[in-house]
Amino acid sequence: DERVGDALKALLKKGDASLFVEAAVATALGQVRASGVREALETALETKDGWAEVIRIGIVNGLAALGDEAVVPAITSCCAYGRPMRLRAAAIRALGVVGARMTHHDAILETLADAAAETDLRIVISVTAALRSIGDPAGIAILEGAPARHPDGRVRREAKAAVLRLRKSGGTSTEVAKLSDELETLRTQHAALLQRVEKLEGDGA
């Protein structure tokens, strides 16, 4: 993996006549478990330009493939209002990929909530896709906000489908939490019962 990683990092740094080749190299690099990959991709994200942000989109996908919480700030920077729409949409979806592997999603959800309030079709549909990927029921409030009232029916349908999915996953989480609480109650009752038995045995002696 280190040899492959070094080769891909060298290719990304050198560049290629084809933007699509460079993008593919960046995405592939994110799938390699080697040292210095994140740093190489983040450097390229700041320095690589190209038509329709093809290379940067490949880099964002590579960062997402790492599945490391540390890549969130770099990807989030590409979601900012004013960046090219294609890059923003790709970065938003990438946050969904990374978020699906994380336990805490507050920072990502804040970014997605801001993007969800926009009107651009690509951006809002990317937000719904990201929220579905993350699977956090906290995303329901975002989806039931602006996306549910979006003028484009496709956005409303996507938002509705995402809400249903999140409610289903949230219900499963709730059931697990309920069972956990019930188990803890039984443990407490069992401990109290043992104490009473021990007390009775002590009194009888």
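Is the crossing of H3 and H4 left-handed or right-handed? Select both helices and look. The model is predicted, and in this model the crossing of H3 and H4 is left-handed.

**Stop 1: H3 against H4**

Keep helix H3 (residues 37-47) and helix H4 (54-66) on screen. Their axes come within 9 Å and cross at roughly 155°. That makes H3 roughly antiparallel to H4, because angles over 145 degrees count that way.

Now show the side chains at the contact. From H3, select Val37, Arg38, Leu41, Glu42, Ala44, Leu45, Glu46 and Thr47. They meet Arg56, Ile59, Val60, Gly62, Leu63 and Leu66 in H4.

**Stop 2: down the axis of H3**

Colour its buried residues: Val37, Leu41, Ala44 and Leu45. Seen down the axis of H3, these fall within an arc of 105°, so they line one face of the helix. On the other side of H3, find Glu46 and Thr47, which are exposed.

What do the buried residues of H3 pack against? Bring back the neighbours to see: helix H1 (2-14), helix H2 (19-29), helix H4 (54-66) and helix H5 (72-77).

**Stop 3: H2 against H4**

Select H2 and H4. Here the axes come within 7 Å and cross at roughly 10°. That makes H2 roughly parallel to H4. On the H2 side, the contact is made by Leu19, Phe20, Glu22, Ala23, Ala26 and Thr27. On the H4 side, pick Val54, Ile55, Gly58, Ile59, Asn61 and Gly62.

**Stop 4: the nonpolar core**

Next, the largest nonpolar core, which has 50 residues. Select those with the most contacts inside it: Leu41, Ile59, Val60, Leu63, Ile75, Ile92 and Leu112. Leu41 is also one of the buried residues of H3. Ile59, Val60 and Leu63 are among the H4 residues that H3 meets.

Which helix gives the most to this core? Helix H6 (residues 85-99) does, with 8 residues.

**Stop 5**

Go to isoleucine 92. Leaving out residues up to four places away in sequence, isoleucine 92 touches Cys79, Leu112, Ala115, Ile123, Ser126, Val127 and Ala130.

Then select alanine 90, in helix H6. Is alanine 90 buried or exposed? Alanine 90 is buried: its relative accessible area is 13%, and the cut-off is under 20%. With residues up to four places away in sequence again left out, alanine 90 touches Ile57 and Val60.

Finish by drawing a C-alpha to C-alpha distance from alanine 90 to valine 60. The two are 30 residues apart in sequence and 7.4 Å apart in space.

Conventions:
Residues are numbered from 1 along each chain as its sequence is written. This is a predicted model: local features need pLDDT of at least 70, side-chain atom pairs count only at pLDDT 80 or more; totals for chains, interfaces and linings use all residues. Side-chain values use heavy atoms; hydrogens and water are left out. A nonpolar core is a set of buried Ala, Val, Leu, Ile, Met, Phe, Trp, Tyr and Cys residues joined through side-chain atoms within 4.5 Å. Buried means under 20% relative accessible area, exposed over 50%, partly exposed in between (1.4 Å probe, protein chains only). Helices (H or I, at least four residues) and strands (E, at least two) are DSSP runs, numbered from the N terminus. Contact means heavy atoms within 4.5 Å. The arc is that of the directions from the helix axis to the C-beta atoms. Axes are lines fitted to C-alpha atoms, for helices over the stretch in contact, and angles run from 0 to 180 degrees between N-to-C directions. Angles under 35 degrees count as roughly parallel, over 145 as roughly antiparallel, 65 to 115 as roughly perpendicular and the rest as oblique. A crossing is left-handed if the near helix is turned anticlockwise from the far one by less than a right angle, and right-handed if clockwise.
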